[in-house]
Amino acid sequence: MSAEEGKVADLPPAPWITAQTETLLKQRGHAWLLQGPSGLGQYELALQLIRAWLCDQPTEHGACNTCTSCHAIDVRSHTDFCILMPETVMIELGWPLGEKAQADIDDKKRKPSKEIRIDAMRDAVEFAQRTAGRGRGKAMLVYPAERMNHITANALLKTLEEPPGDLKFVLASEAAHQLLPTIRSRCL
């Protein structure tokens with residue numbers, strides 16, 4: 001999948017994604033675990049939820065898809081959105097890597113990681129401690145969540161248990177049984 005194919009706004013979401021988004025937006029909580037077999041749209045559903053949470057003019061159906069916030073997600077630059085993915089998946093879906101990671105890969109010091117790195121998780125924990133820049137709260141997406149090793153998962157657990165401010169999480173997984181039971185128990 002190219003970076004262009006990875007963008008949410010290019011095509012309208014599938015009807016089942018829209019229906020699930022509406023259902024999940026009615027639920028209260030701070031962390032959701034979207035799980036199911038590969039190809040069901042966990043990533044797309046996660047992005048639709050986050051778009052709705054951060055949207056400047058959300059509707060009962062989800063995000064408006066026209067405001068500055070929705071555009072910032074489309075161009076992968078929203079200040080209140082943190083994404084945790086293996087570097088290989090980020091590259092595949094068109095998400096920018098952190099400066100240090102990009103420099104290391106460009107300089108051939110290492111290959112892109114196939115798991116969610118502890119460095120990225122530490123950056124995410126730091127993101128969680130900052131104040132929201134746009135006033136609609138903050139959101140964090142972990143996909144595919146089963147690609148966290150135990151060290152990375154434990155680093156997420158503390159923030160997941162006691163999220164600062166108005167931070168919401170979406171963990172999307174094709175193998176939720178591989179997640180720590182403590183992480184699964186903290187999510188709807």
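I take contact to mean heavy atoms within 4.5 Å, and I take helices (H or I, at least four residues) and strands (E, at least two) as DSSP runs numbered from the N terminus. The model is predicted, so I note that local features need pLDDT of at least 70 and side-chain atom pairs pLDDT 80 or more, while totals for chains, interfaces and linings use all residues. Residues are numbered from 1 along each chain as its sequence is written, and side-chain values use heavy atoms, with hydrogens and water left out.

**Helix H7**

I looked up helix H7 (residues 150-161), whose 12 residues reach 16 Å from first C-alpha to last, close to the 16 Å expected at 1.5 Å a residue (1.5 Å times one less than the number of residues). Its buried residues are Thr152, Ala153, Leu156, Leu157, Thr159 and Leu160, where buried means under 20% relative accessible area, exposed over 50% and partly exposed in between, with a 1.4 Å probe and protein chains only. What covers these buried residues includes strand E1 (31-35), helix H6 (118-129), E3, strand E4 (167-173) and helix H8 (181-185). At the N-terminal end of H7 I found Asn149 as the cap, with a side-chain oxygen 3.1 Å from the backbone nitrogen of Ile151.

**Lys138**

I then turned to Lys138, which is placed in strand E3 (residues 138-142). Lys138 is buried but has no salt bridge, and the nearest side chain of opposite charge, Asp80, is 6.6 Å away; a salt bridge needs a side-chain nitrogen of Lys or Arg within 4 Å of a carboxyl oxygen of Asp or Glu. For charge, Lys and Arg count as positive and Asp and Glu as negative, with His and the chain ends not counted. The side chain of Lys138 does reach the backbone oxygen of Ala128, at 2.8 Å. Leaving aside residues up to four places away in sequence, I list among the residues it touches Leu54, Asp80, Phe127, Ala128 and Asp166.

**Asp74**

Asp74 lies in helix H3 (residues 68-74) and is buried, at a relative accessible area of 13%. Its side chain makes a polar contact with the side chain of Arg51 at 2.6 Å, a polar contact being a pair of N or O atoms within 3.5 Å, where within protein one must be able to donate a hydrogen and the other to accept it, and residues adjacent in sequence count only if both atoms are side-chain atoms.

**Cysteines**

Why does the count come to zero disulfides? The sulfur of Cys82 is 15 Å from the closest cysteine sulfur, in Cys187, which is too far for a bond, given that a disulfide requires two cysteine sulfur atoms within 2.5 Å. Cys82 is buried at 11% relative accessibility, and Cys187 is buried at 14%.
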